[in-house]
Amino acid sequence: MQTGLKDRPILVTGASGGIGAATVRRLTEEDAKVIASGRDQAKLDALATETGCDTLAFDLTSEDEVKSALADIQIYGVVNCGGWGGEIATPMDTDTAVFDKVIDINARGTLLVTKYAAQNMVAAGNGGAIVNVSSQASLVGLAGHISYASSKGAVDAMTRVSALELGKHNIRVNAVNPTVVMTPMSEWYWGRDDIGGPLIDAMPLHRWATEDDCAQPIVFLLSDAASMISGVCLPIDGGFTAV
Ligand SMILES: NC(=O)c1ccc[n+]([C@@H]2O[C@H](COP(=O)([O-])OP(=O)(O)OC[C@H]3O[C@@H](n4cnc5c(N)ncnc54)[C@H](OP(=O)(O)O)[C@@H]3O)[C@@H](O)[C@H]2O)c1
């Protein structure tokens, strides 16, 4: 597969976390110039030592921080991976402060990075690709996921609208929608047999996704191998949403 990613600058948010770091590792293997972002500078520094990526720390909830961080950098691609799981609650007992926070990080944060990165990408005129890390929680109803699913549903909608608006600039925008990956974000809940067992039983592939199961399709969607793919929300779910 010809990825065409060599020497292309790619910003990865959430790089101090599981899926983001796996994506940085795969992208640096392709010799992309990766800019790894998150808030935890120590974790970003460790990843930089391991992979040779650059780092750029900012908080996704601050428009000022996102704007100034992205003001002067040239970017070909973006992976909007930073996110937060929120709470497990029904529509009747949800804490609206948690709802506001999960929307702030997952939906508004994705929008802010897309906004300022896309301004630079359009001005540079080199085209590009954006991959939003959504979730299977936006594709089917999962018990207890009222806030998180809402935030990822917004990400899916942003993906389609951004694909429409940015296509004329040869910028493709896609999303991936992973099932459960056993990172700290998910293990405390889905690691319970009574919760995770029924989902695994219903899934055709009968296993959890790994961080690398997510990283490789993200790299594919960024790459020239996906040059005619835009506006897609791609499940990485072992077939769960297909049956
Ligand atoms: N794990 C799963 O089962 C699963 C399934 C489907 C989709 N996803 C999605 O995949 C993405 C990555 O998840 P993960 O499992 O790798 O989670 P993770 O290991 O908990 O990593 C979360 C990342 O988001 C960053 N982040 C959180 N709040 C932020 C903020 N306000 N500003 C900047 N960065 C912030 C964290 O940075 P710092 O730690 O440096 O603050 C960290 O790098 C998320 O969007 C998540 O919703 C996860």
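Helix H5 of this predicted model has 21 residues, and its first and last C-alpha atoms lie 30 Å apart, close to the 30 Å expected at 1.5 Å a residue. Its buried residues are Ile146, Ser147, Tyr148, Ala149, Ser151, Lys152, Val155, Met158, Thr159, Ser162 and Leu166. An α-helix has 3.6 residues a turn, so residues three or four places apart point the same way. The buried residues of H5 pack against H4, E5, E6 and strand E7 (233-236).

Alanine 157 also belongs to helix H5. Alanine 157 counts as partly exposed because it has 14 C-beta neighbours inside 10 Å, and a residue needs 20 or more to be buried. Between alanine 157 and cysteine 233 there are 76 residues in sequence, yet the C-alpha atoms of the two are 9.5 Å apart in space.

Helix H4, one of the partners of H5, covers residues 96-124. At 1.5 Å a residue, its 29 residues should span 42 Å, and the 40 Å between its end C-alpha atoms agrees with that. Just after the helix, glycine 125 takes a positive phi of about 70 degrees.

Which residues of H4 are buried? They are Val102, Ile105, Asn106, Gly109, Thr110, Leu112, Val113, Thr114, Tyr116, Ala117, Ala118 and Met121.

With 18 other C-beta atoms within 10 Å, asparagine 120 is partly exposed, because 20 or more would be needed for it to be buried. Leaving aside residues up to four places away in sequence, asparagine 120 touches Leu70, Ile73, Gln74 and Ile75. For isoleucine 73, which is 47 residues away along the chain, the separation between C-alpha atoms is 7.7 Å.

Arginine 25 is placed in helix H1. It is partly exposed, with 19 other C-beta atoms within 10 Å; the threshold for a buried residue is 20 or more. The C-alpha atom of arginine 25 is separated by 9.3 Å from that of aspartate 212, although the two residues are 187 apart along the chain.

Two residues deserve a note for their backbone angles. Most residues other than glycine have a negative phi, and most peptide bonds are trans. Aspartate 7 is not a glycine but has a positive phi of about 65 degrees. It is found in the segment before E1, and it counts as exposed because it has 10 C-beta neighbours inside 10 Å, where 12 or fewer is the limit for that class. Histidine 206, also not a glycine, has a positive phi of about 55 degrees. Histidine 206 lies in the loop between helix H7 (193-202) and helix H8 (211-222). With 11 other C-beta atoms within 10 Å, histidine 206 is exposed.

The description ends with the chain as a whole. Its secondary structure comes to eight helices and seven strands. A compact globule of 243 residues would have a radius of gyration near 18 Å, and the 17 Å of the chain agrees with this. Along its principal axes the C-alpha trace spans about 50 × 40 × 40 Å. Of the 243 residues, 46% count as buried. Among contacts between residues at least 6 apart in sequence, 72% join residues at least 24 apart.

Conventions: Residues numbered from 1 in each chain as written. Predicted model: local features only at pLDDT ≥ 70, side-chain atom pairs only at ≥ 80, totals over all residues. Helix = DSSP H or I, 4+ residues; strand = E, 2+ residues; numbered from the N terminus. Expected span 1.5 Å × (residues − 1). Contact = placed C-beta atoms within 7 Å. Rg over C-alpha atoms; globule rule 2.2 N^0.38 Å.
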